[in-house]
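Trainee: Could we take a close look at one part of this model together? I would like to go through it slowly.

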Amino acid sequence: MNATNTFQLDGEEIPFAPGQTIIQAAAAHGAYIPHLCWHPDFSPHGSCKLCTVKVNGRFGSACTMEAQPGMEVENRTAELDDKRRTLLQMFFVEGNHFCPSCEKSGNCVLQATAYELKMMSPHFDMFYPDRPVDASHPDILLDFNRCIMCSLCVTASREVDGKNVFAMGGRGILGRRIHINSESGRLGDTDFAATDRAASICPVGVILHKRKGFAVPIGERTYDLAPISAQVKETRS
Amino acid sequence: MSDTDVIDAVVDRHRRDGTRLMQILREIQEQLGWLSPATLTRVAAAVGWPRAMVSGTASFYSFFHTRPRGKYCVLWSDNITDRMLGNADLMEAMCKKLWLEPGRVSEDGLVSVNTTSCTGMCDQGPALLVNYRAITRMTPSRVGEMVGLIRDQTPVAEWPAEWFAVDDNIRRKDILLANDLVPGQALSAALERGPEKMLAAVKDARLRGRGGAGFSTGLKWEACRNAAGSGTAPARYVVCNADEGEPGTFKDRVLLTSYAYLVFEGMSIAGFVVGAKKGLLYLRGEYRYLLEPLESTLAARRKNNLLGKNILGTDFEFHIEIHLGAGAYVCGEESALIESLEGKPGRPRIRPPFPVTSGYLGQPTTVNNVETLAASCLIAAHGGEWYAQHGTEKSTGTKILSVSGDCERPGIYEYPYGVSVRQVLEDCGATDSQAVQNSGPSGVCVAEDEFGRRIAFEDLPTAGAFMVFDETRDMFEVARNFAHFFAHESCGFCTPCRVGTTLVRNMMDKIARNHGSPYDIDELFKLHRLMQGASHCGLGNSACNPVFDTLNKFRPAYERRLKSLDYEPAFDLDAALSQARQMTGRDDAGAHFAANSEDEAKA
């Protein structure tokens, strides 16, 4: 690696390989940039905007911007974390998130990020959208109430499983949702399998395996043990 | 012909090519009325795409119906200029006469009535679309007649022809609209110059994009020309952005109506310069009625050897296709437009790469505004230096403004860049104006003390809209109309825009109900700061502009609605009972929360 291939992240020197994005280089170095839709195994989606950083004074998404030598990147500043908190609140009000009754609690990236950024309330009035649950599949339950539109399941099903079980469709706050690849729109009518990569990619509690409730008790789950910012390397699979 | 025969004929005509999905879906819907689940399954199988992708596209566009729609689908244009011309009362009258709730299909499946974003008829509103055909100048008597025709199930094709008349209303011509070029003249001048010299002329002219952003056309063409195509079939493309969706803008409609040859000629010149063989014109769905006239203009050009192979006896080959949009403002963003051209939802791409290196089908693509391409013909015919003599130093040439709102002579005005807002107001017969919304909702709201400002990239850049508001207008309601527009048009891809536009809309509605407080104003500013920096594309970045501008320049319009409290909850107990009232058919005092609590207080 060329010695000049470094940039500053909140004053810390981060090395990078040419072609790496800011978040890839930061993650490889163990530095946490908050994110929801980015996953180290997949190409960036750039939709959640949690990873918004300030590069040489201008806003940009750390998951899509390539690292350049000498960049000065602001990350965990009060200004940016404040914006991220508002974005998190937006997620919480646009969906129906009830952490105490959610099987994903403790393993949920949305919840863990909200703790990390000290989000104390949803702040805005809730939208209470009507999002039906799909229990048609023998092994998998889909609870769209928790969907954050990250598209990771879309990408995983397409790129790893080669199945295209999911696609993002519709427009705007009312329309945008995951479309299922069957005429009925039900997962049970697709070739989706519990062993698919897409079945284990959901960062929140939409894609759940049936008959596997609370196998690890609350209190001993991933983000119960350490905050998400302290587990950057571990999330790389 | 059975439904499956219709579907098969359409997909076959489009060579079962998934990238033509938008046109496939539109043509099927024109014949079958809507896109049923079985239709989407059949189309997906025919083009070899996952069904979820096909339904994802079908559900993205407002003009595609994945549920049965009425035999007559009436959509009232709901721009602020239509509002000012009384569209709300007319639509209410229509719904009453039809015993219909807005947005619902009547029980007998006959008709639905709803609103749609600006249809580009602001100088001749109130406007509407009936089965996606444009109708202008609605009046109470026309509403009555129309309801009669709908009830009698008279086919739309047999409705009075004058209802469908769309006027150009050209009020001021300058070098572009008063040009004396004959078809082929500019193109043959370009061919004579050769691509390098033609490119140099465009650079000498310092032509900048007319879509509002003002990027140098010469640099864009040069970057596209220099970019290598990729894959086994490398190519370059010219795309004409005729998705004129910015509310209050209608100059491209006039160019495509009366100057279409110039637009196609500009596309051909661009193709010649960048080395493209194919051009695509993306026409907004609201202008569906222009498709046939445009196709016949293309046919005439082919016949006259101005399109096709060996154009004007040279070895230059260029073809033009027209693609229709289907009601999505975001497709005006060039990378979203390209996604749509490829048959996908109009979601702006991550940039870089920019379209000039990786655009349509991953190939170098120049996307230019209708007016920019038309202007390039003047440069081809008269040279770059001649063109640069017009306008200002940084904004050469002329700009076509779409003037609407409170003025005597709404319509099309072409000015050299540098004209003052005051001059335009004088020319269009606007009196007692308090504000001009320049360049539409995503532009700038100009107040009276700024009327000396000039239309130019260095002062007030514009995509063309020029909406005038006189002192009787409520600028809060103007901003609220725009807030609703952005919430409806947000593609939903990124969080700040998807949720933020809805939060802004809700807060504006709360203030409109006299439930706002100074706290809500602070919240609006906070959302503006977030959305402006963090959104994925220009839509989200500019979605708060009208709220921000009116808050700064017309603060009293907000303040007189605010309760003198620090905080007022958004949740309204009485409003929450409205559903129960509707279900029980009650609206008496006892069915209202305020009345109950007063009774309790007395007791």
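How many residues of chain B are in contact with how many residues of chain A?

Mentor: Happy to! This is a predicted model, where local features need pLDDT of at least 70, side-chain atom pairs count only at pLDDT 80 or more, and totals for chains, interfaces and linings use all residues. Residues are numbered from 1 along each chain as its sequence is written, while chains are lettered from A and ligands numbered from 1 in the order in which they are written.

Now to your question: 31 residues of chain A are in contact with 35 residues of chain B. Two residues are in contact if their C-beta atoms, placed from the backbone, lie within 7 Å. On the side of chain B that touches chain A, the elements giving two or more residues are α3 (37–47), α4 (51–58), α18 (475–489), α19 (495–512) and α20 (518–534) of chain B. Helices here are DSSP runs (H or I, at least four residues), as are strands (E, at least two), numbered from the N terminus. With seven residues, α19(B) gives the most to this side. Sorted by class, this side of chain B has 20 nonpolar, 13 polar and two charged residues. In that sorting, Ala, Val, Leu, Ile, Met, Phe, Trp, Tyr, Cys and Pro count as nonpolar, Asp, Glu, Lys and Arg as charged, and the others, Gly among them, as polar.

Next, the partner chain. Chain A has six helices and ten strands. Its C-alpha trace spans about 55 × 40 × 35 Å along the principal axes. Among its strands, three form an open sheet in the order β6-β7-β10 (chain A), with antiparallel pairing. Since β6 (133–134) and β10 (207–209) of chain A stand at the edges, each with a single partner strand, one side of each is left without a neighbour in the sheet. Two strands pair if DSSP finds at least two bridges between them. Strand β7 (residues 140–143) of chain A is joined to β10(A) by three bridges, and A:Ile140 stands opposite A:His209 in β10(A).
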